[in-house]
Amino acid sequence: MEKRQFNRVLFDTPAQLRQGNNIWDTKLVDLSIKGALIEYPMDFEGDLYEPFQLAFRLEGVQLFIQPTGHIVHNANHRLGFCIDQIDIDSVTELKRLVALNLGDEDLLNRDMEALSECVD
């Protein structure tokens with residue numbers, strides 16, 4: 001059964017996963033308002049119980065989007081990243097990108113409502 005609350009948009013873009021002084025190069029597979037799926041980084045030795053920062057810049061966007069979050073699953077050579085904190089500029093850009101790629105404002109509005117329920 002599908003447990004996902006948020007609509008995901010496929011992306012194939014370079015990203016970095018950071019924890020403390022460690023930085024791993026990876027790739028964004030898909031993205032939502034609340035998380036991302038990334039490729040399992042080479043030589044990854046992160047502490048899955050500690051927060052990570054994910055950093056990426058999407059085509060046509062000058063701003064690096066850098067949410068802080070945690071890994072929620074590790075399967076099929078991919079990591080599921082859940083966003084815990086994100087700055088206002090990044091969330092605004094993320095919302096715009098997801099809206100453009102979903103092509104349906106109603107879907108985005110439902111995601112934003114679900115996100116606000118997660119925060120309450």
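**Entry 1: strand pairing**

I started with the sheet and found that S4 and S5 pair in the antiparallel sense over 2 bridges. Pairing here requires that DSSP finds at least two bridges between the two strands. The model is predicted: local features need pLDDT of at least 70, side-chain atom pairs count only at pLDDT 80 or more, and totals for chains, interfaces and linings use all residues. Residues are numbered from 1 along each chain as its sequence is written, and side-chain values use heavy atoms, with hydrogens and water left out.

Next I took S5 and S6, which pair in the antiparallel sense over 7 bridges. Across that pairing, Ile71 stands opposite Phe81 in S6. I noted a rule for reading such strands: in a regular strand the side chains alternate between the two faces of the sheet.

**Entry 2: the S5-S6 turn**

How many residues lie between S5 and S6 in their hairpin? I found 2 residues between them. Asn76 sits in the loop between strand S5 (68-75) and strand S6 (78-85). Its phi is near 55°, a positive value in a residue other than glycine. His77 is found in that loop between S5 and S6 too. The phi of His77 is also positive, near 60°, and His77 is not a glycine.

Are these residues buried or exposed? I used these cut-offs: buried is under 20% relative accessible area, exposed is over 50%, and partly exposed is in between, with a 1.4 Å probe and protein chains only. Asn76 counts as exposed because its relative accessibility is 70%. His77 counts as exposed because its value is 68%.

**Entry 3: the whole chain**

I stepped back to count elements. The protein chain has 2 helices and 6 strands. Helices (H or I, at least four residues) and strands (E, at least two) are DSSP runs, numbered from the N terminus. Along the sequence the pattern reads β-β-β-β-β-β-α-α.

Of the 120 residues of the chain, 39% count as buried. The accessible surface comes to about 7,600 Å², and 46% of this belongs to carbon and sulfur atoms. These areas come from the Shrake-Rupley method with a 1.4 Å probe; for residues, only the protein chains shown count as cover. I also checked contacts, meaning heavy atoms within 4.5 Å. Among those between residues at least 6 apart in sequence, 49% join residues at least 24 apart.

**Entry 4: the core**

Which residues touch the most other members of the largest nonpolar core? In this core of 24 residues, they are Leu17, Leu28, Leu31, Leu54, Phe56 and Leu58. The elements that give two or more residues to this core are strand S1 (9-19), S2, strand S3 (35-39), strand S4 (52-56), S6 and helix H1 (88-102). S1 supplies the largest share, 4 residues. A nonpolar core is a set of buried Ala, Val, Leu, Ile, Met, Phe, Trp, Tyr and Cys residues joined through side-chain atoms within 4.5 Å.

I then listed the contacts of Phe56, not counting residues up to four places away in sequence. Phe56 touches Pro14, Ala15, Leu28, Leu31, Leu63, Phe64, Ile65 and Pro67.

**Entry 5: Thr26**

Thr26 lies in strand S2 (residues 22-31). I logged Thr26 as buried because its relative accessibility is 10%. A polar atom of its side chain lies 2.5 Å from the backbone oxygen of Glu39. Leaving aside neighbours within four places in sequence, Thr26 is in contact with several residues, among them Thr13, Leu17, Ile38 and Pro41.

**Entry 6: Arg57**

Where does Arg57 lie? I placed Arg57 in the loop between S4 and S5. Arg57 counts as partly exposed because its relative accessibility is 37%. Arg57 and Thr13 are 44 residues apart in sequence, yet 7.9 Å apart in space, C-alpha to C-alpha. Not counting residues up to four places away in sequence, Arg57 touches Thr13, Gln62, Leu63 and Phe64.

**Entry 7: aromatic rings**

I counted 4 aromatic pairs. Tyr40 and Phe44 form one that is edge-to-face, at 5.3 Å centre to centre with 80° between the planes. Rings of Phe, Tyr and Trp (its six-membered ring) pair if their centres lie within 6.5 Å; planes under 30 degrees apart count as stacked, over 60 as edge-to-face and the rest as tilted. Tyr40 is partly exposed at 35% relative accessibility, whereas Phe44 is buried at 10%. Ring pairs link Trp24, Tyr40, Phe44 and Phe52 into a cluster.

Definitions and conventions. Polar contact = N/O pair within 3.5 Å; in protein donor to acceptor, adjacent residues only side chain to side chain.
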